[in-house]
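Subject: Structure handover, salt bridges

Hi,

Here is the structure I promised to pass on. Please have it open while you read. My notes on its charged pairs follow.

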Amino acid sequence: MKKTANLKGPASPSQLIDARIKELGDWRGETLSKIRRLIKRADPKVVEEWKWRGVPVWSHDGQICTGESYKSIVKLTFLKGAQLKDPKRLFNSSLEGNARRAIDLHQGDPLDETAFIALIREAIALNQSRAR
C-alpha cells in the first residue's frame, strides 16, 4: 500500500482511486467515477488495484482494464481488447496492435453503458477461460 499526500497512513487501492477522482475535480474525475460505477455494476467482485505509479486497474482473474487520465482524455485500456467482440465499436484507440484496445473519452463524449458493461463482462469471461 502506498501513502499519499491526501491520505493519512497506508492507503488501499480503492482509497487511492477515490483520491485520484477527487484530485482531478473536473469532468475527468466525473468520467472516471462513472466508469468505476459501471465496472462495479458489471462485476461486484471486481478487484481494484493501483499500479505503475498511479494508474487505477480493475481485475478479475486477470486485468480487465486500466483507467488513465490525461489533460484532454480519460483512456480505458483493455490489455486483451483485440480478442474481445466490440459490436458497438466502443474501442476508438490503439486499434492497430495485436493485443490492446482502448476507449478514449473526451469531455462530453457519450458512452453506451449497456455495451460497456457487456465489454467488461466479456473481458472477465476471457480471463476466466484462460485461468482454467
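Start with Asp104. This residue is buried, with a relative accessible area of 13%. Keep in mind that the model is predicted.

What does Asp104 pair with? Its salt-bridge partner is Lys75, and the closest N and O atoms are 2.7 Å apart. Lys75 sits in strand β4 (residues 74-78), and Asp104 sits in strand β5 (residues 101-105). The pair therefore ties together parts that are 29 residues apart in sequence. Lys75 also counts as buried, at 14% relative accessibility.

Arg41 forms a salt bridge with Glu113. Here the closest N and O atoms are 3.9 Å apart. Arg41 belongs to helix α2 (residues 27-42) and Glu113 to helix α3 (residues 113-131), so this pair connects parts that are 72 residues apart in sequence. Glu113 counts as partly exposed, at 31% relative accessibility.

Then look at Asp26 and Arg28. They form a salt bridge, with the closest N and O atoms 3.0 Å apart. Arg28 is buried, with a relative accessible area of 15%.

How many salt bridges does a search of the whole structure find? The count is nine.

Best wishes

Terms used: Residues numbered from 1 in each chain as written. Predicted model: local features only at pLDDT ≥ 70, side-chain atom pairs only at ≥ 80, totals over all residues. Heavy atoms only, no water. Salt bridge = Lys/Arg side-chain N within 4 Å of Asp/Glu carboxyl O. Buried < 20%, exposed > 50% of the residue type's maximum accessible area, 1.4 Å probe, protein only. Helix = DSSP H or I, 4+ residues; strand = E, 2+ residues; numbered from the N terminus.
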